[in-house]
Structure formats: structure tokens, C-alpha cells
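Open the model in your viewer and keep the sequence panel beside it. The tour starts at one residue and then widens to the whole chain.

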Amino acid sequence: MANKKHSRRRERFRWWFSRKKKKADPFDSRAGITDAVEEDAGFCGWSMEMDPRISTHELRVFVGTWNVAGRSPVRSLAADLDEWLNLKDIDHTADVYVLGFQEIVPLNPQSIIAGENATEATNWNMLIGKTLNDKYGCPWLTPMLNPINSDDYYYSGIPETERRYISRSQITTQLRSQTRSQTGQSYRYSRYKLIASKKMVGVFISVWIRRELLKAYSISDVRVCSVACGIMGYLGNKGSVSVSMSIGGTSFCFIAAHLASGEKKGDEGKRNYQVSEIFRRTSFPRLPRDGNLVPPTILGHDRVFLFGDLNYRLYLEDNLARELIRKQDWKALQEFDQLQKELEDGGVFQGWKEGSLEFPPTYKYSSTNSNRYSGGLPSRAREKQRTPAWCDRILWYGKGVKQISYFRSESKFSDHRPVSALFSAQIEADKRANCRLVVPALVPSGTPCSIAEQANGEATTTLTSLIKTDADACPTNR
């Protein structure tokens with residue numbers, strides 16, 4: 001009898017130890033949470049209604065747009081970029097910088113019909129990279145682009161051993177603790193990395209992400225697409241360039257656009273049509289491995305931003321518009337804004353949002369180095385008569401986005417003033433997957449966008465080796 005009891009007790013101990021040795025349940029809410037996550041729990045937004053395996057994080061996304069009137073970037077423009085990107089206040093720096101440009105080349109027949117030339121895009125990216133990294137990274141860094149003429153490109157991710165959660169407060173603390181000398185020694189790498197860049201004639205988009213975010217999240221499926229809808233409906237003097245990507249478990253789409261100009265009655269209809277064409281024809285290549293995870297269209301993304309020289313004007317006579325501008329009565333002026341009316345009526349902009357316009361119209365200034373709008377009375381010789389308007393705009397679509405600020409800068413570089421907006425965007429990260437390696441996203445030829453790009457002779461510009469490992473130094477001869 002005693003032996004029988006001893007045998008049962010031994011079996012119970014064996015069963016108990018076997019349970020302790022078993023693998024953790026992959027569906028256990030505690031599985032996959034590293035020490036770094038537990039230390040940074042304040043950065044995660046938890047909800048009792050949410051899956052406990054999913055954490056919600058907040059990113060700051062800076063979106064800017066600027067029509068540079070066909071002018072090439074110069075070194076003296078660095079101060080203007082610094083003001084536009086609002087880099088003076090560390091607390092207001094962004095995690096992601098998305099910059100859209102229009103007319104980076106003159107819109108003449110030669111530029112429109114000729115094949116793509118990456119020179120201007122490269123020059124802009126070098127200036128942007130230097131401006132972003134001058135304070136918070138390598139002041140001597142000038143990121144070089146490797147133009148890819150084929151349809152294959154990739155983003156190589158952070159190795160599994162280096163990825164961990166990091167909060168904005170931790171990032172800000174690190175930035176504040178770095179002096180210039182420390183930056184050259186301890187932080188020998190660029191603070192912001194170029195993720196994607198795309199040019200179509202004069203429309204150009206450039207996307208930069210803070211290095212720490214590349215360690216914290218799985219950033220994958222970086223893809224680009226361009227839609228030409230200018231002359232005859234297919235030339236690239238007007239249209240859009242778009243970037244799609246996934247950050248953690250959330251998909252983002254950024255669209256830089258340049259729409260039809262004109263302030264005659266009915267011209268807004270041309271712009272509406274081009275927007276509908278951009279929505280219809282923008283299609284990001286889907287890969288066999290994607291399944292249903294990657295949205296192929298613009299509105300299929302979780303967070304969408306549309307920005308650029310959208311060219312919507314005012315339903316108002318020139319002298320009345322200038323009188324309201326003189327009074328700085330922006331609320332009254334907005335009542336005559338074409339885009340505001342389109343947003344209210346729905347149509348192609350159904351579900352889209354825009355912040356309140358609390359700044360003067362951005363177009364058209366008489367010339368460079370001028371604070372005076374073109375035209376007016378008395379009119380000057382050879383000066384175009386244009387009613388001032390908010391041509392340069394930033395819109396967003398989807399939940400989980402909150403606008404923090406919306407303002408214009410005062411650079412006199414072109415006849416447009418640059419506009420920018422800072423957003424707080426939520427992303428969801430699966431804690432079971434936060435240490436995955438990012439599989440390179442190869443774009444197969446023959447997709448709708450790649451066919452269009454080949455036909456127009458466009459060059460897709462990406463950085464083929466954005467992030468390697470922490471062993472990559474910041475070379476001085478780059």
C-alpha cells in the first residue's frame with residue numbers, strides 16, 4: 001500500500017515537472033514580451049478590449065509639401081529647410097519625415113517628354129539628409145542614392161538581435177544627451193535614414209525614418225508607384241508619386257501630387273477627375289508571399305496622407321480675396337475655398353480630413369525674395385494676375401490619426417510657400433512578431449505600376465542598403 005502511494009506521488013511530480021519544461025503557449029498573452037518591453041510599458045497603449053498580444057504605439061509623422069518652381073537646391077537653402085522641418089525644438093521632432101515636392105525641374109517639353117534624370121532628386125535628398133542629420137546625426141553625411149533601373153528593389157531590415165521597443169521619451173533623452181563631440185564618437189551613424197524616394201518629371205517624394213524606429217519595429221513592404229495624368233491624360237507634368245509601407249502591423253500610404261492648374265470656372269472639375277484617376281490607377285505590386293496582408297490600393301491602407309500642390313482656388317473675386325487677406329480673416333476666406341467645398345460635399349474626397357487653415361494663402365507670390373502676391377492693382381508689367389489661394393495642402397484619411405499642427409513656412413525660394421503638418425499616428429505591433437527579420441520586398445515586373453513606369457522611362461530611386469547593422473560606421477568620404 002505504501003509503495004502504491006509512493007508510486008502515485010512520483011507520477012504526480014513527473015507530470016508537474018513535464019509541464020514546467022513544456023514550451024510557452026504561443027497564444028499566451030505574456031509570450032514574447034521582452035525585458036525591454038516591460039521597462040517601456042508606459043509607451044504602450046493598452047486596452048482591456050484589445051488583444052493583449054497587440055500593443056498600440058504613437059508615432060509622430062511630419063508631412064511637408066513645396067512647389068519649388070523648377071529651381072535646383074542650393075546650399076543657402078539649408079536654413080529654409082531647417083525652418084520648414086521645424087528642427088529647432090527637439091520635443092517636436094518627428095519619427096517619420098515625408099516630404100513632397102512639385103516642379104523640381106522646369107515643366108518644359110524637354111523635361112516632360114525626355115527620360116527621367118535622377119540628378120535633381122539626388123541633390124534634394126542630399127540636402128534633406130544633411131539638414132536632418134546635421135543636428136542629430138552625422139553633420140558630414142550626404143546620403144548617396146543608387147538609382148535602380150529595373151523593377152527590383154528592397155529594404156533590408158534590422159537584425160533580430162538588435163530590434164527592441166523604444167519610447168519617444170527615451171529617444172528625446174538620447175538626443176539631448178548628445179553634444180556635437182559625442183555625436184561624432186558615440187553616434188557615428190546618421191540619425192535619419194532614407195527609406196524610399198520616387199520622382200516623376202517634377203513630382204518627387206522622399207521618406208525618412210528615425211534610426212531607432214528601425215530597431216523598434218518591423219518596417220517592411222516598402223513600395224512605390226507613380227500615376228501620370230497630365231497632358232493628354234498620361235504625361236507626367238501632372239500626377240502623383242506614392243509610397244506604401246508597413247510599420248509594425250499598420251500600413252501607411254503617402255501620396256505627393258501635382259494637380260491641374262487654372263482658376264477659371266470648371267477647372268476644379270479637372271482636379272477632381274485627376275484625384276479620382278490617382279485613386280483608381282495607383283496599385284502597389286502584390287507578391288505571392290503577401291496573401292491578403294498588403295493593400296494594393298491607396299484607400300486599402302490604415303493611414304493615408306495626400307499632399308501637394310493640389311491647385312484648388314477660391315470662388316471669390318481677386319479684390320475681395322485680397323481684402324480678406326489684408327484683414328487676416330482666414331475663417332471667412334475658407335468659406336470660398338474650393339477644396340473645403342469638395343471635402344464637405346464628399347465626392348472623390350469622401351472620408352478625407354484637413355486641419356483648419358490658420359495661415360495666409362500660399363500662392364502666388366510675385367517673384368523670389370518677395371512678400372507680395374502676384375498681380376493686384378495696379379498690376380505690374382509681365383506679372384501674372386492670379387487670385388491668391390491655398391494651393392498647397394495636406395489631407396489625411398483613416399482612423400488613428402490626429403493632427404498636432406498645420407502651418408506654412410516663409411521661405412521666399414519660389415512663388416509658393418512651403419506647407420507642413422505634424423501628426424500623431426497610432427500603430428499596432430504584434431509582440432509575438434516584433435523580432436522578425438524583414439524579408440526583402442521584391443517587385444515583380446509586369447505589374448500595373450511597373451508597366452507604366454517602363455513606358456514613361458521613369459527611374460525608381462531607392463536606397464538598396466539603407467540599414468545594415470550597427471557595425472556600419474558613418475564614413476567621412478561618403
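**Stop one: Ser-424**

Select Ser-424: this residue is buried, with a relative accessible area of 10%. Buried means under 20% relative accessible area, exposed over 50%, and partly exposed in between (1.4 Å probe, protein chains only). The model is predicted: local features need pLDDT of at least 70, side-chain atom pairs count only at pLDDT 80 or more, and totals for chains, interfaces and linings use all residues. Residues are numbered from 1 along each chain as its sequence is written, and side-chain values use heavy atoms, leaving out hydrogens and water.

Now color strand S12, residues 419–430; Ser-424 lies in it. Strands (E, at least two residues) and helices (H or I, at least four) are DSSP runs, numbered from the N terminus.

Next, show everything that Ser-424 touches. Not counting residues up to four places away in sequence, these are Glu-58, Leu-59, Gly-400, Val-401, Lys-402 and Ile-404. Contact here means heavy atoms within 4.5 Å.

**Stop two: the cysteines**

Select Cys-229, buried at 6% relative accessibility. Then pick Cys-391, buried at 0%.

**Stop three: the whole protein**

Zoom out. The protein has 13 helices and 13 strands. Of its 478 residues, 55% count as buried. Among contacts between residues at least 6 apart in sequence, 76% join residues at least 24 apart.
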